[in-house]
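This briefing covers a predicted model.

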Amino acid sequence: MAKMMYRDAVVSTIAEEMERDENVVCLGEDIVGGMGTPGGPEAIGGIWSTSTGLFGKFGADRVIDTPISESAIMGAAAGLALSGKRPIAELMFADFIGVSLDQIWNQLAKFRYMFGGKTKCPAVIRMAYGAGYNAAAQHSQAVHQILTGMPGLKVVMPSTPADVKGLLRTAIRDDDPVIFLEHKALYGMTGEVPDDKEYMIPFGHARLTRAGQDVTIVSTGLLLGFCEAVADKLAAEGIGCDVIDLRTTSPIDEEAILDSVEVTGRLIVVDEAPPRCSLASDICATVAEKAFAALKAPPLSVNPPHTPIPFARELESAYLPSTDKIEAAVRKVLSYR
Amino acid sequence: MQLSREALLRAYRQMKVIREFEERLHVDIQTGEIAGFTHLYCGQEAVAVGVCEHLSVEDKIVSTHRGHGHCLAKGCDVNGMMKEIWGSREGLCKGKGGSMHIADVDKGMLGANGIVGAGSPIGVGAGIACKIDGKGHVAITFSGDGACNQGTTFEAMNMAVVTKAATIFVFENNHYSEHTGFEYAVGTQKDIASRAEAFGMKVWRGDGTDFFSVFETMREVLEYVRVPGNGPAAVEFDTERFFGHFEGDPQRYRGPGELDRIREFRDCLKNFRKSVTDAGVLEHADLDALDTEVLAEIEESVRQAKAADRPTAEDVLTDVYISY
C-alpha cells in the first residue's frame, strides 16, 4: 500500500493500463497542454494534473491533445471504440456534457443495442464534477442524475483514492461505455492505495464504510465524507449509522441498500445533484416500493435546493448539503417511532 | 474507363442491388407492413458504390439516416438488411436498429445514424484509429448537404486536420436537407467543398450521378489519404435524390417536372449503361441478365423477411450492455 492523492491515482491507473494494453488511448482538451505554444508540450499536463507525464511516456498517437470541440472529442471516442481502440476521453468539466451530449447519449450509449449486440463500445469518459470551488453555475454541477438515467451507460463515482484506482481500472477494461466522475474537491485527498496492478473493484458493489443499527445513510463522491463525519459524531451519542458508499450509480447496488434498511428501518440519501428526479429521489422511491414494511420513518433525501449553483462563498456553502443538514435529517428520521 | 469487364459488372450489379432494394421498399412501405421512418437513397447509388468499390473490409465507413446504399455497397448482407427493415429478430441488428441504425462493424460499416451530422466526429475517431495502426486504411464519413450545416461537421473537420486523421469527408449534395433547398440552407450558396477547403483540407469535386466520375475522383482522394502523414481530405459529389426526405413525403417542394428530368438525365444507372454500351465494353444483354438476377435476389430477400422470426418481449432487454 502506498499513500497517494486522488488525482495521482487517476494518472497512475491510466499509465498502468496504457502500458498493459497498447489499444488504450487518451484524448481531450489540454490533456497534454501547451501544444503549439512557446512553452511547448506538457506545459500543462491536464488542468487537473490527471494526465501529467503521459504524453512524454506514450507519445502523440496515444495521448491526443484536442481542440476545444467537445462533440468531436466524444464522437472521436465513439469512432475509436468501434475501431478496436479503448479510448479514455476527458471532458474537462462535467458541465460541458450539454455541448457533446448527442455523442454520449445517442451514439456511445446506444451502439450496442441499436446494432443488435454485434459490437462492443469500450470507451471511458472521465469528467471533473461538483461544487466547492466557487466556480459557479457553469463549472460546478453534479451531472450523475442525467447520465444515470441513460440506458447503455455505466456511471462511476469514486470517493477515495483507492476507489479511483480500483474502479478506473475496471472502467478501462470494461467493454461498455463508462462515465467516470471525478470530484474536483477530492483531487487533493490522500489515502492508502493498493500497489497491485490488477487491483479492480467490480461495478454495482457498494461499500459499507460505517456500520450501525439505527439509520441507513446512502451517498457517494464528496458527500460520502460528510456522511461519515456525521456517523462518527452520532456514534458517540450511541446512534448507529450504516453508511453506504454506492461507488457506481449505474449499475446500482440495490441489494446493499435494501438489506441495510431491513435492519435500520430508516433511510437518508445524501446527493449532490438538485432534488427533482435525482439519485436521491430514485433511491427513496425504490426503498418505498421494495422495503415499505421495514420502514419506521419516511425515507428522506438531502439535496441542494432546486437552483443553479451560486458563486459567492456564503451562497455556495448554503447550497451544498452540509454535515449539519445531514445530522438534522438523521435526527428527523429518528424522531418517528 | 480503365476498369475490367468484371469490375464493371460488379459495380453495375452493386448499384442495381441498391436501386431494386429501395424501389421494392418504396412499394412495400405503402402497404403499411413496414414500421417507422425510411429514407431512401435511390438516385445516389453511384456515390456509395463509386466510393466503396475502392475499400477493403479494414477500411471503415460511417453513414447517414439515408444509409441503405452505403450499407449494401460496404458489403452488408442483403437478406440481413431486408429482415432488419422489416423488424425481424433475424435482421442484421436483431430488429433493434431498423432502417436508420443499421451497422455491421465486422464489415467496417460503423452505422447509419438517426442524427444529422453525428457521423463526422465518429469518422474522425475511426480515422485516428487508422492513422495509429499505420496500415494505410482509412475511415470515410458520408454526409449530406444538411449535415454540412451542423456544428459537429465543422468540429470534426478541424479536429481531423489537427490530428491528421486518415479520414475522408464525402459530402453527397443532393440539394435538399429534408425539405429545404441547398440554395437556402447552405450559406455559401455555392458548394460544400469550399468549406472543407477553409479548414485546410485538400478537396475534390465530382459528378455524383456518374459512377466513373465518383470512382476516378475517389481513386485520387484515397491515394492521397492512404499516405501516412497526409491527414484528411474532403470530396463533394453533386447528386440527386429520387424519392422524398422520408417515405410518404409528397415532395411539394420540388419544381415542376424536376423528378422526371432527373430520372431521365441524371440517373446514374442509365448513365452507366449508356457509357459502357457506347464504349462497346459491355452489351445490353450482359446488363439485362444482371437486372434479372438482382430482381430475383431482392424478391427472395422480401420473401425471407416476411417469413422470418419476429422478436419477442424478452428481446427488449438483451444487448444493452456486454456485462452488467
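About 3,400 Å² is buried between chain B and chain A, and 63% of that area lies on carbon and sulfur atoms. Chain B brings 40 residues to the contact and chain A brings 41 residues.

**Polar and charged pairs across the interface**
- Chain B and chain A share 2 salt bridges.
- One of the salt bridges joins the side chains of D61(A) and K131(B), with an N to O distance of 3.3 Å.
- Residue pairs in polar contact across the interface of chain B and chain A number 19, counting pairs with both residues at pLDDT 80 or more.

**The chain B side of the interface**
- Helices α5 and α6 (151–163) of chain B each supply at least two residues of the side that touches chain A.
- The most comes from α5(B), with 9 residues.
- By class, this side of chain B consists of 21 nonpolar, 11 polar and 8 charged residues.

**The sheet of chain B**
- Chain B has an open sheet of 5 strands in the order β1-β2-β3-β7-β6, with parallel pairing.
- Its edge strands, β1 (60–62) and β6 (202–207), each pair on one side only.
- From one strand to the next, the twist averages 20 degrees.
- Strands β6(B) and β7(B) (residues 233–238) run parallel and are joined by 6 bridges.
- Within this pairing, K202(B) has A233(B) in β7(B) as its bridge partner.

**Helix α5 on the sheet**
- Helix α5(B) (residues 119–133) packs on the sheet and touches β1, β2 (139–144) and β3 (167–173) of chain B.
- The directions of α5(B) and β2(B) make an angle of about 165 degrees.

Technical notes
Residues are numbered from 1 along each chain as its sequence is written. Chains are lettered from A and ligands numbered from 1 in the order in which they are written. This is a predicted model: local features need pLDDT of at least 70, side-chain atom pairs count only at pLDDT 80 or more; totals for chains, interfaces and linings use all residues. Side-chain values use heavy atoms; hydrogens and water are left out. Two strands pair if DSSP finds at least two bridges between them. Helices (H or I, at least four residues) and strands (E, at least two) are DSSP runs, numbered from the N terminus. Axes are lines fitted to C-alpha atoms, for helices over the stretch in contact, and angles run from 0 to 180 degrees between N-to-C directions. Contact means heavy atoms within 4.5 Å. Buried area is the accessible area (1.4 Å probe) that two parts lose on being put together, summed over both. A salt bridge is a side-chain nitrogen of Lys or Arg within 4 Å of a carboxyl oxygen of Asp or Glu. A polar contact is a pair of N or O atoms within 3.5 Å; within protein, one must be able to donate a hydrogen and the other to accept it, and residues adjacent in sequence count only if both atoms are side-chain atoms. Ala, Val, Leu, Ile, Met, Phe, Trp, Tyr, Cys and Pro count as nonpolar, Asp, Glu, Lys and Arg as charged, and the others, Gly among them, as polar.
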